[in-house]
Amino acid sequence: MEAIAGVVTTGIYCRPGCGANPRPHNVRAFPLPAAAEAAGFRSCLRCRPYRWPQSVGWEPPELVCRAVRLILDGALDHGTELELGARLGISARHLRRLFRAELGVTPDGLARSARVHFARRLLDDTDLTVTEIAFAAGFGSLRQLNRACLEVFRESPRQLRARRRKTDRLVADGGLLLRLTYRGALDWGRLLAFLGSRAIPGVEHVSGDTYRRTIVSDGDPGVIELWPGGDDHLLLLAHLPHWQELVHLVQRVRRIAGLDFDVRAASEHLGSDPAIGPLIAARPGLRPPGCWDAFETGVRTIVGQQVTVAGANTLTGRLVERLGGRAPGLEPLGLTHVFPSPETLAEADFEGIGLTQGRAEAIRGLARAVVDERIRLDGSVGLDELVSSVTAVKGLGPWTAHYLALRLGEPDAFPTTSLMPEAERWRPWRALAATHLWLAGDAREAPVRIRRAS
């Protein structure tokens, strides 16, 4: 977690690496921009910390980290601190106490800061109207956005837009183009190879250096496209029927590429290990692969049990063609359907698709458990509880549970078919170790390289 520097003599906070050079005794460290704002500091106009998403590593208590993730996913946009605390098994009062002690800001304060920062990025990068930006950032009204901008940035949204730099504005021929920034190295080529080799026909498609997929936004189909934009960001092109709560869609897209994974801390921990260290040195930008939808990934994993990767893709494509929702007009992008919901698959008839009876029952069992919330895929439960809930479904074992957890973003997930005593020293970053072992050919579904289109 990068420390934010608040300069008491100027009232400004900066990202690490900013050109400002204050005296050390005038600097206060904060874990998040939201904490600096809660203490009365405002964002630096030079390094512009708001252009980088707010996230925490796993240094604070795990419960706080999970609460932050839920907040960034929108838990407080339509819910309360009381409901969030209940989701995590604690009281709202204790949740606020933990946040103040560990992060220096309340849960509501973090939610508001995340929304207004996202709105500021939209003001810089897009030509959306201020009203459209208010709803895209999760605000209930234009008035709420105005008030938040004045409190955090000391200027109105229109004044902030007038400040944007010429190089900020992104223009696309159709759709909305956005930057997704990240810290540390990112090996997009190997991640794309992994996603491409497992792409679900009709739902996902890889072409050249671009990953595309269908999504559902507020009940309607849409498309996202993701490709490299520079050394510190990917570019996201979103084709959506409406922009409401775009902020949370973007947060989910970030998970596909593991952009919030603390690759620096994980690499430092594993770098001296005799088995994993050389692999990290050879591929410093490798990150555990994420996913758009954990339920979809779980179904694809069940289908892939004891069959080849290509065979699993074929079977999953048949499932989608029969039970998924049509997404018309996307054939030129290699896309035709959205993935079926848990409610659809919970009672689905898989006859004729090619699945064994055991796998069909396992998919239905997973879907029912997700619908009933016996399996929670929102990151609100710890790794052990998640694995226990998944393995409670008939036909799902520890490898499947840990693989699903890894794709969901659990840093210590470790899917393996054999006991590896040395893996204990890789905690709490076993997910990165497993990913490197896949590429080294030591685990069961090693990613396959794809040739980049010329």
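## Largest cavity

The largest cavity in this predicted model has a volume of about 290 Å³. A cavity here is a set of points, on a 1 Å grid over the protein atoms alone, where a 1.4 Å probe fits but cannot get out. Points are joined across faces, edges and corners, and the volume is the space filled by probe spheres set on them. Lining residues have an atom within 4 Å of a point.

The lining holds 24 residues. Closest to the centre are Pro-53, Phe-118, Arg-121, Val-247 and Gln-251. Helix 2 (62-72), helix 5 (107-125), strand 5 (176-181) and helix 10 (246-256) each give two or more residues. Helix 5 provides the largest share, eight residues. Helices (H or I, at least four residues) and strands (E, at least two) are DSSP runs, numbered from the N terminus.

By class, this lining has eleven nonpolar, six polar and seven charged residues. Nonpolar covers Ala, Val, Leu, Ile, Met, Phe, Trp, Tyr, Cys and Pro; charged covers Asp, Glu, Lys and Arg; the others, Gly among them, are polar.

## Second largest cavity

The second largest cavity has a volume of about 200 Å³. It is lined by 22 residues, with Arg-198, Thr-297, Arg-300, Tyr-403 and Arg-407 nearest its centre. Two or more residues each come from helix 9 (188-197), strand 7 (210-217), helix 13 (294-303) and helix 18 (398-408). Helix 13 gives the most, four residues. The lining splits into ten nonpolar, five polar and seven charged residues.

## Count and basis

Three cavities reach 30 Å³ or more.

Residues are numbered from 1 along each chain as its sequence is written, and side-chain values use heavy atoms, without hydrogens or water. In this predicted model, local features need pLDDT of at least 70 and side-chain atom pairs count only at pLDDT 80 or more, while totals for chains, interfaces and linings use all residues.

Definitions and conventions: 1 Å grid on protein atoms, 1.4 Å probe; cavity = no way out; pocket = protein on both sides within 12 Å on 5 of 7 lines; lining within 4 Å.
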